[in-house]
Amino acid sequence: MRLRYVFYTFRCAPQARRDAIIIALASIPVLILAIHYDIFDLLFEYTGSHEAWELDELLSAGFVVGLASIIYAVRRLTDLKVEVRSRRDAENVAVRLTLHDPLTGLPNRHKFEQLF
């Protein structure tokens with residue numbers, strides 16, 4: 001049972017690593033183009049010339065939403081880890097109950113058949 005979890009972890013880890021590499025490789029050229037064309041300075045000048053539109057508040061709202069999304073994702077990941085841990089513990093209890101007598105705690109016939 002523990003071995004199955006280890007294989008599942010190794011199988012899923014390359015997907016996460018691949019996704020991180022793809023996101024990084026897609027983000028780097030965008031950042032390089034933004035720096036090369038001074039997108040940030042142009043955006044600052046544009047928001048300054050159109051102050052009545054209050055575009056700077058829109059950028060601030062986007063920044064806050066991005067931070068909130070990161071916090072939300074971290075909280076969901078911690079919830080997921082807790083859920084996986086509780087399911088694993090419940091599975092261990094179920095396996096123990098199938099292989100041992102619940103009253104005495106001694107191994108039962110199924111455990112005996114597994115051993116021999």
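User: Why is D79 called partly exposed?

Analyst: In this predicted model, D79 has a relative accessible area of 40%. Buried would require under 20% and exposed over 50%. The value for D79 lies in between, and D79 is therefore classed as partly exposed.

User: What makes the contact of D79 and R76 a salt bridge?

Analyst: The N to O distance between the two side chains is 2.4 Å. The cut-off is 4 Å between a side-chain nitrogen of Lys or Arg and a carboxyl oxygen of Asp or Glu. Because 2.4 Å is within 4 Å, the pair of D79 and R76 qualifies. R76, at 34% relative accessibility, counts as partly exposed.

User: How are D79 and R76 placed along helix α3?

Analyst: They are three residues apart in helix α3, so about one helical turn separates them.

User: How do you know that R18 and D19 form a salt bridge?

Analyst: Their closest N and O atoms are 3.5 Å apart. The limit is 4 Å, so this pair also qualifies. R18 has 46% relative accessibility and D19 has 37%; each counts as partly exposed.

User: Why is R109 called exposed, whereas E113 is called partly exposed?

Analyst: R109 reaches 58% relative accessibility, and exposed means over 50%; R109 is therefore exposed. E113 stands at 48%, which falls between the limits of 20% and 50%, so E113 is partly exposed.

User: What links R109 and E113?

Analyst: Their side chains meet in a salt bridge, with an N to O distance of 3.8 Å. That distance is within the 4 Å limit, so the pair is counted. Both residues lie in helix α4 (residues 109-115), four residues apart, or about one turn of the helix.

User: How many salt bridges does the structure hold?

Analyst: The structure holds four, among them the one between R18 and D19.

Methods: Residues are numbered from 1 along each chain as its sequence is written. This is a predicted model: local features need pLDDT of at least 70, side-chain atom pairs count only at pLDDT 80 or more; totals for chains, interfaces and linings use all residues. Side-chain values use heavy atoms; hydrogens and water are left out. Buried means under 20% relative accessible area, exposed over 50%, partly exposed in between (1.4 Å probe, protein chains only). Helices (H or I, at least four residues) and strands (E, at least two) are DSSP runs, numbered from the N terminus.
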